[in-house]
Amino acid sequence: MALGSTAAFAAAGTALALFALGYALHPLWRARPALGAGLGVGLALATLALYLGLGAPRALQPEQRRAPQTLADAVTQLEAELDRDPNQIEGWRLLASAYTAQGLAVKARDAYARALKLAPDNPDLLAEAAEARALATRERRFDDDAVRMLEHALEQQPMHQRARWFLGIAQRQADRPGDAAKTWEPLLGVVQAGTAASLLEQINGARKDAGLEPLALPAAGAAATAPAAGPGLKVRVELAPALKARLPAQASVFVLARRDGGPPMPLAVEKHPLAAFPLEVVLDDGDGPMPTMKLSQSPKVQVLARISASGNAMPQPGDLASAPKTVASDSRDTVVVVIDRVVE
């Protein structure tokens, strides 16, 4: 076996072992988030180090065996390796993920773009690159290039759930609710029951805006097994006294959690009819619109609430809303959010 093939095989095997280790450590993350976060950073560093030590072409040269001691050091080494040999798809993809973890959204976008030039038909990579483009904008919007990436991903894999979800979000952002509903509807037959119910709320909100009749939950989605949900995040929603007189009739209350510093699409969302405040809910993985984006997998989340006169999941001028509150996703304390402002 050639040396390059041996290195690639070893890198792949080690990456698989790291994935398994990360899965095994997930309960520890939930129980002790500080320790779990430290282990997560350690795993990220180890992955970068192993790629540099085993997966890069010059890995078997003795002078290349210096292991990075920090994540920043590993990123610097990987940048240097990619400057020397830019034709490494997984290297660019790994670098983009590291940039995202560091909060460097523009660099992550550009790294994904380099990977995409090498693998332009990879649906997973297309979805990741499109998301990175949205995260690199202040408004977290999918631009025309990102939309083309998502459409191409679906040409390669029509039921790619992440690409289909993101494309629907992009169509909602572009004020094309009918297209968004059409994009999301095929997912109802393949996602689990808890996810299907939440997704149906989004679809029917889009259909309402498009002047279409609401859909019922298909039998396949209703019969699917709901995902196991953890203890959940307890949320108490209060209303500022000054806004009581502005409560619209027949309104809906949305309570949601989204990834801290991430895209605007929720990790978990519940819709309730307007009733007396305070409102208390529990958000968990069963409230997620997409199975690939789980509340429990994000160390920190932003929790917020909104009163919608239209019943639409998308924010509208005149809605009443709270400020987002950042908390640990496994917090056992009740998160209190106060609806105290009017959406402009």
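This report describes salt bridges in a predicted model.

## Basis of the values

The model is predicted, so that local features need pLDDT of at least 70 and side-chain atom pairs count only at pLDDT 80 or more, whereas totals for chains, interfaces and linings use all residues. Residues are numbered from 1 along each chain as its sequence is written, and side-chain values use heavy atoms, with hydrogens and water left out.

## Salt bridges and the Arg109 pair

Taking a salt bridge as a side-chain nitrogen of Lys or Arg within 4 Å of a carboxyl oxygen of Asp or Glu, the count comes to 17. One of them joins Asp110 to Arg109, with an N to O distance of 2.9 Å. Asp110 is partly exposed at 38% relative accessibility, and Arg109 is likewise partly exposed at 24% (buried means under 20% relative accessible area, exposed over 50%, partly exposed in between, with a 1.4 Å probe and protein chains only).

## Between helices H7 and H8

Asp145 pairs with Arg133 in a salt bridge whose closest N and O atoms are 3.6 Å apart. Because Asp145 lies in helix H8 (residues 144-156) and Arg133 in helix H7 (residues 123-135), this pair ties together parts that are 12 residues apart in sequence; helices (H or I, at least four residues) and strands (E, at least two) are DSSP runs, numbered from the N terminus. Asp145 is partly exposed, at 33% relative accessibility.

## Between strands E1 and E4

Glu280 and Arg236 meet through their side chains in a salt bridge of 2.8 Å, N to O. Glu280 belongs to strand E4 (residues 279-283) and Arg236 to strand E1 (residues 233-239), so the pair links parts that are 44 residues apart in sequence. Glu280 is exposed at 54% relative accessibility, while Arg236, at 25%, is partly exposed.
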